[in-house]
Amino acid sequence: MAFEGLTEKLAAAFKKLRGKGRLSEADVKEAMREIRLALLEADVSYKVVKQFIAQVTEKAVGADVLEALSPAQMIVKIVNQELTELMGGTSAKLTIAPKPPTVVMMVGLQGAGKTTNGAKLAGMMKKQGKRPLLAACDVYRPAAIKQLEVVGEQLDVPVFQMGQIDPVDIAKAAVAHAEKHGNDMVFLDTAGRLHVDEALMDELKAIKAAVDPTEILLVVDAMIGQDAVNAAKAFDDALDINGVMLTKLDGDARGGAALSIKAVTGKPIKFVGTGEKLDQIEVFHPDRMASRILGMGDMLSLIEKA
Amino acid sequence: MGFFDKLKKINIFSTLAHLGSELNDDFYDELEESLILADTGMDVTLELVAELRRRVRTEGIKTLEEARACMCRVIADAMNVGDGALDLSTTPSVVLFIGVNGVGKTTTIGKIGAQLRHQGKKVLFCAADTFRAAAAEQLTIWAERAGVDIVKQHEGADPAAVVFDATSAARARRSDVVLVDTAGRLHNKQNLMNELNKISRVVDRELPGCARETLLVLDATTGQNGLIQAKQFQQAAGITGIVLTKLDGTAKGGIAIAIAKELGVPVKYAGVGEGIDDLKPFNAADFAQALI
Ligand SMILES: Nc1nc2c(ncn2[C@@H]2O[C@H](COP(=O)(O)OP(=O)(O)OP(=O)(O)O)[C@@H](O)[C@H]2O)c(=O)[nH]1
Ligand SMILES: Nc1nc2c(ncn2[C@@H]2O[C@H](COP(=O)(O)OP(=O)(O)OP(=O)(O)O)[C@@H](O)[C@H]2O)c(=O)[nH]1
Ligand SMILES: [Mg+2]
Ligand SMILES: [Mg+2]
């Protein structure tokens, strides 16, 4: 469904709600049907939608409608605030290890954007005066090492590789190499894997045990659907991740996974990828994401002004 | 053996046992939920369930087991919208692989290349992704694994120029099939979508009348955006089929039902792993079985 179509649909549903005063239960119920659809259309997890709607309904019923707003706008405002709050939290920063090097491990499903976005992060840190090292721990994907070397060269960030040996040994050697050569950050590029692949999940646990990473970032494609919660929960259960990076937000996916993943793991979304180029990385803004998930950026800015 | 034998199946109908054997509203509600959890989308879910209700009435279906079988038929009927086989009737014929970033285009070419070669065909890979870091190297490794030839240029070259080279090479070497790898692109980037058009025109001009397929590669983990992707790629490049990849995970790929229904484009292959043999002809009945 098109972005605009949904906004219109919401607006139409909200037109039915008139008058001022307090939001009645009936007002809220009516609006929540549309909000629920909007969230599902945005690929928010079915179960998370259920919880969210229940929670917001409770908050909204009886709320005073502000002078400048209609009940419909009021509900949208509450929903938006609640979404923003749920996706916010710990600030979007990489933790820096007290004793260098800071080790950042990029993990996730196949093709999510680990290699590209790990490189983007390294480039960003380099601009901030760090001396990052990229480490090639993907020994499975054809030409994975070469890919990392190419992006490393584009950023003028060194790449550590040992060919196709055990990734655990590569990770250890990369950290040792960084210590010796004054690299204060190491980004570990790991192979894509399914969360149900036990052997490969064990490999990540072994890497974690071997190098004790400062940050483990789960990289997630913004186009992902209902499976986001399964994958995120499995990666978090196995690795106790520190945060999430949401990629490919330059597309038109509404990115409901941002809400779902935060809801099931409690871990913050720290960064977003907004393009294939290596400088296309931004910190995560929960408020922008909330409007995007609702598919109603315009309406919200109207409400903000009100 | 069906192609989903490899997959772990969670049959929601077994979890419905607590509802008793009655086909009541609870049953339909839970069915809806499971379809939405499979990324089928609200609209299509409601359509499918309405169709099931209709058939339950007209066919006099009474039990959960029968209802499940019927639901599978409803889904399979929605998906059987065209020929699952590739049209490779001319020598050479050309298959273009397109899709958003990271879905599995290059890997799928490796797998299909190997299958076609085993069928005795002379296959040529064309590395028309000149943008992504080490894309040509990746395809080269797949060409070695599949035992087929490859045409490539340097990184940053004009993709249409690589396709031109490949068409000439295909004529000179009497290749049976040319498989063209393209760079991942998001469907909302008009300039990149136009590039597909340019590639297509080169094929038409250099190999007039050749049999052509344009396969949209779709990641099974994709949510509702998948339908928008399919529509945009359809408009820009005219897709003839879908390859649904990464079905070896827990994602069900339900958005493919919406695509088949709305665009009338069949799923032709299913990707079920990263290995060279992990690609199967798509079977809608098996897909439906795994979905619910
Ligand atoms: N449009 C867009 N493309 C992206 C973004 N991030 C990554 N990509 C593209 O997504 C594709 C996959 O990226 P990779 O970095 O190779 O993904 P990966 O997770 O390392 O993949 P595997 O190692 O195979 O698991 C490439 O075509 C990237 O250029 C983004 O933010 N926007
Ligand atoms: N589990 C699983 N992984 C797959 C499947 N198909 C491809 N992959 C993996 O997905 C990742 C991306 O595959 P590619 O073939 O590079 O995808 P692409 O569409 O060519 O990517 P870009 O060229 O960057 O747009 C790789 O790690 C592949 O091994 C599949 O069916 N199952
Ligand atoms: Mg990678
Ligand atoms: Mg590729």
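This is a short walk through a predicted two-chain model, stop by stop, with what to select at each one.

Residues count from 1 along each chain as its sequence is written, chains are lettered from A and ligands numbered from 1 in the order in which they are written, and side-chain values use heavy atoms, with hydrogens and water left out. Because the model is predicted, local features need pLDDT of at least 70 and side-chain atom pairs count only at pLDDT 80 or more, while totals for chains, interfaces and linings use all residues.

**Stop 1: the interface**

Colour the two chains separately and look at where they meet. The contact (heavy atoms within 4.5 Å) takes 38 residues from chain A and 38 residues from chain B. Between them the chains bury about 3,300 Å², 55% of it on carbon and sulfur atoms. Buried area here is the accessible area, with a 1.4 Å probe, that two parts lose on being put together, summed over both.

Now select Pro142(A), Met223(A) and Glu276(A): within chain A, these lose the most area to chain B, together 18% of what that side buries.

Next, show the polar contacts. The rule finds 16 residue pairs across the interface, both residues at pLDDT 80 or more. To count, a pair of N or O atoms must be within 3.5 Å; within protein, one must be able to donate a hydrogen and the other to accept it, and residues adjacent in sequence count only if both atoms are side-chain atoms.

Turn to the chain A side and pick out helix 2 (25–41), helix 3 (46–60) and helix 6 (144–155), the elements that give two or more residues to the side touching chain B. Helices are DSSP runs of H or I with at least four residues, strands are runs of E with at least two, and both are numbered from the N terminus. The largest share, five residues, comes from helix 6 of chain A. By class, this side of chain A has 15 nonpolar, 10 polar and 13 charged residues. Here Ala, Val, Leu, Ile, Met, Phe, Trp, Tyr, Cys and Pro count as nonpolar, Asp, Glu, Lys and Arg as charged, and the others, Gly among them, as polar.

**Stop 2: salt bridges**

A search of the whole structure finds 29 salt bridges over all chains. A salt bridge is a side-chain nitrogen of Lys or Arg within 4 Å of a carboxyl oxygen of Asp or Glu. Two of them cross the interface of chain A and chain B.

Select Glu33(B) and Lys50(A), whose closest N and O atoms are 4.0 Å apart. Glu33(B) is buried, at 19% relative accessible area. The cut-offs are under 20% for buried, over 50% for exposed and partly exposed in between, using a 1.4 Å probe and protein chains only.

Hop to Lys270(A) and Glu215(A), a salt bridge with its closest N and O atoms 2.9 Å apart. Lys270(A) is in strand 7 (residues 269–273) and Glu215(A) in strand 5 (residues 215–221) of chain A, 55 residues apart. Are these two buried or exposed? Lys270(A) is buried at 5% relative accessibility, and Glu215(A) is buried at 0%.

Over in chain B, select Arg171(B) and Glu206(B), with closest N and O atoms 3.7 Å apart. Arg171(B) is partly exposed at 40%, while Glu206(B) is buried at 15%. Then show Glu51(B), Arg54(B), Arg55(B) and Asp77(B), which salt bridges with shared partners join into one network.

**Stop 3**

Find Ala143(B) in helix 6 (residues 135–146) of chain B. Ala143(B) is buried at 3%. Which residues does Ala143(B) contact, leaving aside neighbours within four places in sequence? They are Phe125(B), Val148(B) and Ile150(B).

In chain A, go to Asp236(A) in helix 9 (residues 228–239). Asp236(A) is buried at 12% and touches Ile241(A), Thr265(A) and Lys267(A), not counting residues up to four places away in sequence.

**Last stop: the annotated spans**

Select residues 268–281 of chain A, which UniProt (unreviewed entry) annotates as "domain: SRP54-type proteins GTP-binding". The end C-alpha atoms lie 16 Å apart, and the span is 0% helix and 43% strand. In chain B, UniProt lists residues 266–279 for that annotation, also from an unreviewed entry. UniProt positions follow the numbering used here, feature names are shortened, and annotations may be inferred rather than shown by experiment.
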